[in-house]
Amino acid sequence: MGNAQSGGIPKEFVDDLKLTTRFSEAEITQWYENFQKQCPTGRITLQQFEEIYGKFFPDSDAKAYAQHVFRSFDTNDDGTLDFKEYVVALHMTSSGKSTLKLEWVFSLFDVDKNGYVTKPEVLELSEALFKLIPKEKQANLPSDESTPEKRAEKLWAIFEKKDNERVAEGEFIQAIEESEVALHLIQYDHK
Ligand SMILES: [Ca+2]
Ligand SMILES: [Ca+2]
């Protein structure tokens, strides 16, 4: 909707974003200018987003992961990322506050957005994350982490749920906060 205004960022955006993200007005204004330059339409499409991720992961296949990240950022479900979604996403992925980050990780794993994470969803994300690992590194993984299925089993076991049960957000965040192994399995390790 008519977000693109000449002369800078709409004021209601700044007020709202300051409240939800604690970024300063100067930071928000700076990003808005960059965003407008890179993205004159005011919206990022899934295809553009996949291209951005492709550049970050030249040695692996980031497409599936990019799709999941895009879905988790597209909070109004319209198939594009607007400036506000972009800034909130930036905040969630870069914030030092780990609980906030884990809230985002939960939304990443909650593929159907129903407020719970299931074992098939854990497997789906494990597959996407596995594809981020370059082929030559995949060959050197420990035997219980060498396939997406094994990684999903290992992560699911941490939640202490039956295969047909589901994990609520609070349980998900608590389990990951208390487990180094879980933390390692939910993120791509660059080393
Ligand atoms: Ca959107
Ligand atoms: Ca779900």
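Colleague: What makes the reach of helix H7 (residues 119-132) close to the span expected at 1.5 Å a residue?

Modeller: The expected span is 1.5 Å times one less than the number of residues. Helix H7 has 14 residues, and its reach from first C-alpha to last is 20 Å, close to the expected 20 Å. Helices here are DSSP runs (H or I, at least four residues), numbered from the N terminus. This is a predicted model, in which local features need pLDDT of at least 70, side-chain atom pairs count only at pLDDT 80 or more, and totals for chains, interfaces and linings use all residues. Residues are numbered from 1 along each chain as its sequence is written, and chains are lettered from A and ligands numbered from 1 in the order in which they are written.

Colleague: Which residues of H7 are called buried?

Modeller: A residue is buried if 20 or more other C-beta atoms, placed from the backbone, lie within 10 Å of its own. The buried residues of H7 are Glu121, Val122, Leu125, Ser126, Ala128, Leu129, Phe130 and Leu132.

Colleague: What is the mean pLDDT of the chain?

Modeller: pLDDT is the predictor's confidence in each residue, from 0 to 100. The chain has a mean of 87, and 92% of its residues reach 70 or more. Over residues 1-6, however, the pLDDT is below 50. Where pLDDT is low, the predicted coordinates should not be read in detail.

How values were computed. Helices (H or I, at least four residues) and strands (E, at least two) are DSSP runs, numbered from the N terminus. A residue is buried if 20 or more other C-beta atoms lie within 10 Å of its own, exposed if 12 or fewer, and partly exposed in between; C-beta atoms are placed from the backbone. Two residues are in contact if their C-beta atoms, placed from the backbone, lie within 7 Å.
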